[in-house]
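Colleague: I'm new to this one. Could you walk me through it and tell me what the terms rest on?

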Amino acid sequence: MTQKNRLQGGLIDRGQSYTFRFDGKKMTGHAGDTLASALLANGVRLMGRSFKYHRPRGPLTAGSEEPNAIVELREGARQEPNTRATTAELFDGLVAKSQNRWPSLAFDALSVNDRLSSFFAAGFYYKTFMWPAAFWEKLYEPMIRRAAGLGSLSLQNDPDSYDKGFLHCDLLITGAGPSGLAAALTAGESGLQVILADEDFVIGGRLNAETFSLGDSLGSDWAAQTVARLRSMPNVRVMPRTTVLGAFDHGIYGAVERVSDHLAVPEADKPRQILWRIYSKRSLLTAGALERPIAFENNDRPGIMLASAMRAYANRWAATPAQRVAIFTNNDDGHRTAADLHAKGVKIAAVIDTRPGQPISIDYEILHGEIIDTAGRLGLRRITVRLASGETREIECGALGVSGGWNPNVSLTCHQRSRPAWDENIAAFIPGGDLPSGMTVAGAARGVFSTHGALTDGAEAAARIAADLGQTATKPELPKAEDAPIQITPFWHVKDAKRAWVDQQNDVTAKDVKLAHQENFVSVEHLKRYTTLGMATDQGKTSNMAGLAIMAEIAGKSIPEVGTTMYRPPYTPAAMGVLAGRSRGKDFRPVRKTPSHVWAEEQGAVFVEVGNWLRAQWFPRKGETTWRESVDREVLQTRKSVGICDVTTLGKIDVQGTDAAAFLNRIYCNGFAKLAVGRTRYGLMLREDGIAMDDGTAARLADDHFVVTTTTANAVSVYRHMEFVRQCLFPDMDVQLISTTEAWAQFSVAGPNARKLLQKVVDAEFDISNEGFPFMACGEITVCGGLRARLFRISFSGELAYEIAVPTRYGDALIRRLMREGQEFDVVAYGTEALGVMRIEKGHAAGNELNGTTTALNLGMGRMVSQAKDSIGTVLSRREGLNDADALKLVGFKPVDPSKKVPAGAHLMTIGDPVNAAHDQGYVTSACYSPNLGHHIAIGYLKSGDQRLGEVVRLISPLTGFDHEVEVVSAHFVDPEGERLRA
Amino acid sequence: MIINHPLLGPRDAAEFVYKGDAALIHRPDGMAPDALESFIEYGYLRDNPAGEHRELWFHEQGDRSWLVVSRNTLTHEITSVELARDVARREGRSK
């Protein structure tokens, strides 16, 4: 294909030709082209099918507000659906496919929807798919989903990387057209730290799309010179290809920089896009204005576009949608397009102006009238004009430029709930009051439309901001520019059209708006949701205004009376990848490794995620084929001789100060004031509402020094809670807290030979005999010839057990030493599974039991809650509802048929009772196979469980079909008298 | 949002953890005869104003200070930030 619609001039680099494919067809474009401009130059007007009716569509705009020319860009894993051809920069080898059509763009089977359009009017889904209800999930929804929707995903992993970054500045300028550039010059020369962001890849905004001059140079040349000047200022950062997506609280902005989207593949080690969080003292919105279309019969044919877009394609990209074009306008701007295209040698078939009395042109015909229909199935061929005289004329043309006036681009002003205000002079909404904090708007974005006006408005706004921030403003010399007044007579739609498209992306017609009103959707917010006007990916940038105007007309109200909807972030769609940044896959969150991790890896350990931690789950040995074999061995050997487990992940909080004991007395529901130095105590923390929060131990190392342990899962939240109690509730207590979880490597050494093993590493001057260091003792000791350590005689397994802590950097050395010294006892390392089995065998509560719904009473620790002191949660634990006579109690269960498993999560029912929620008796929280007992066991909560020992109940899991009998037993399956741990 | 920490200056709200109404500072006396009623009030009955709200934020990824932040819930405007400890002392809390 040749570039048959390529014109002379433009800002493209003809020396650099790129080959690309659209729907398999090979074409050529140039550096500086967008996909849309290159397609138009190649004579392609049809670029996609509409969302609902599958109508053939071409580009309406030349920018990011595009509703129609939406394509699938690239192939394979980089395939990106719903990409606007109007902003996609052309590169060599680009591959694009049209969307929402089958089997081909020119012949689309589902365009039958268009013939049936009378059935698909606004509210169609709500009215049609109501009944029967069961059909929705199985039939209607899948059917609608298949028919609708635009592009498709590759379903492969995104091969590119995305970054996040933070920027700080005095002034963020959004939009680099004439007002933005003048503002950046002023602010830059005044010494402010400036960021100038623009979504385009060439800076200059409309200056690049117009032919008029600024001073002695072309607008585009002036823009290029100004950018060069700005880039030479060290305090100005110019960011092209950067879209400011949202205005957030306190001067924070989100922006996406498309670092590599103009390349086939990102350069090595470069991200595809960067999500910037910009902290600004002030911001200036100079986002310009967007032209709006006029609704008339069949105004959506490929070739019909905004007049400003047609002019931009011709002037910037040297491309025209056709060699013979017409213009339809209600303002002077449309005439500019006619003049510019005529100058480029494009034949102007006619200019149709809705206003009477337009001056005659010697170059082309100017008519007073309106367009009442168009023809051309896959591209515009002809328009039908009704002249003011009543006469009808048919005009042959391949493209039509439409200008309905300009809307200030107020999107970002709305992001903090400011509503735009109506300006009668320009018949458009301008920024309202209560703008996002620190934001000023200048230039066309606030309705100052002439180039001269934009330049001076931008410069003056920046000067005021500079002065506001204490800088002496230097006003740069600005070039002379056009200063045409605005001549517009509002004209929104041609009356009595059957299908005049208002929102082209969501296929909403003027008639749909009327229907919504008829059905009493009179609020503008309801209109939007009922018709879906403005709810597509373009957020109705080109359609909202006409929808409102038509609604106002029907309601007999003025536009400001009807009001307007607001825009929300993001300004344009953003890839999920850039929002995630590097936080994906294994980098989704940080991984914490225990001090024995490397050693455990060497042993071939299987790891499990516990919060951010990776913990050894079990240590398989040669010949073991199932996890159970390994776990059973670890449990049996620990109970028989000695086992070692890394318990570093448990939270450790250092509590110091003269009020440390008094503080812990507040934190724990049980008493701590009288705990002797050198002793450890189990403690239960309640939430203020009386529910159990966490449990652990507190070891008193000195009068004013405790070490508190928390569960792994709650290490962070317990610390936060303790700081709250310290700072907010008891601010005068002399107590200091610090988390030392990462500072100490801690190992549990458990089993009958635990003491013998430890005696081999604990330095001789420390007596750890049963008499010298009894159950629940604690102390600071040294090991391995002088290394400081802490020893706690506490037991989770129920065995004679210790926890020994050394500074973290010695953790690896200590596990290796203990395993070596333990060889004579056949020491085993055990993981979290064996740990779990042993604590269930012992009936110790853990996270499954402290599940956020249970109390001390449920846990069988009701009497532990001291009523003699005011600790957190004590009062509300007395609430009636938490103290029912048949309250849940923690008990044990064993299957009546010893071959049966006991699943955790299953519910308990009294034999003979109906199986329903009303008769629920409780549930199993933890279950395992006990290698010591030779069958499965479980613990869980049963109503009045402590009084039902020996009873047989049903354990039921309707989800899995499990239904077996279990016997209620004590939760202490192993060593109920606690002789082992005191040995 | 940006919270102007009294010791560390302006910090991004993402560094903080939110708790709730600063009225939580006024924990009733658990040993008083009407403790149950006053704790129910303390734990469950709080104002939910549209506008100025004093609330507790914890600088978890910072210096671990609890702060009392006065924030307008409609506009997110922050009018004052104080160390909760100072507020608690001023409002009569001690040991």
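**Contacts, cores and a sheet**

Modeller: Let's start with A:F747: setting aside neighbours within four places in sequence, A:F747 is in contact with A:I644, A:C645, A:D646, A:V647, A:E803, A:I804, A:L814, A:I815 and A:L818. Mind you, this is a predicted model, where local features need pLDDT of at least 70 and side-chain atom pairs count only at pLDDT 80 or more, while totals for chains, interfaces and linings use all residues. Residues are numbered from 1 along each chain as its sequence is written, with chains lettered from A and ligands numbered from 1 in the order in which they are written.

Colleague: What makes two residues count as "in contact"?

Modeller: Their C-beta atoms, placed from the backbone, have to lie within 7 Å. By that rule, 20 residues of chain A are in contact with 27 residues of chain B. The side of chain A that touches chain B has 8 nonpolar, 3 polar and 9 charged residues. Here Ala, Val, Leu, Ile, Met, Phe, Trp, Tyr, Cys and Pro count as nonpolar, Asp, Glu, Lys and Arg as charged, and the others, Gly among them, as polar.

Colleague: Why is A:A845 called buried?

Modeller: Buried takes 20 or more other C-beta atoms within 10 Å of a residue's own (12 or fewer is exposed, in between is partly exposed). A:A845 has 23 within 10 Å, so A:A845 is buried. Its place is in the loop between α21 (832-842) and β44 (888-895) of chain A, and A:A845 is in contact with A:D695, A:L850, A:L859 and A:L890, leaving aside neighbours within four places in sequence. In chain B, buried residues make up 23% of the 95 residues.

Colleague: What makes a set of residues a nonpolar core?

Modeller: The members are buried Ala, Val, Leu, Ile, Met, Phe, Trp, Tyr and Cys residues, joined through C-beta atoms within 7 Å. The largest such core has 120 residues, and those with the most contacts inside it include A:F747, A:V749 and B:A84. Helix α18(A) gives the most to this core, with 7 residues. Domain 5 (650-740) and domain 6 (884-969) of chain A each supply at least three residues; those bounds come from an automatic or database domain assignment. Apart from it lies another core, of 86 residues, among them A:L35 and A:W317.

Colleague: What makes β3 and β6 of chain B edge strands?

Modeller: The open sheet of 4 strands has the order β3-β4-β5-β6 (chain B), with antiparallel pairing. β3 (17-21) and β6 (78-83) each have a single partner strand, so one side of each lacks a neighbour in the sheet. The twist averages 30° from one strand to the next, with axes being lines fitted to C-alpha atoms (for helices over the stretch in contact) and angles running from 0 to 180 degrees between N-to-C directions. Helix α18 (715-729) of chain A lies across β3, β4 and β5 of chain B, at about 85° to β5(B).

How values were computed. Pairing = 2+ DSSP bridges. Helix = DSSP H or I, 4+ residues; strand = E, 2+ residues; numbered from the N terminus.
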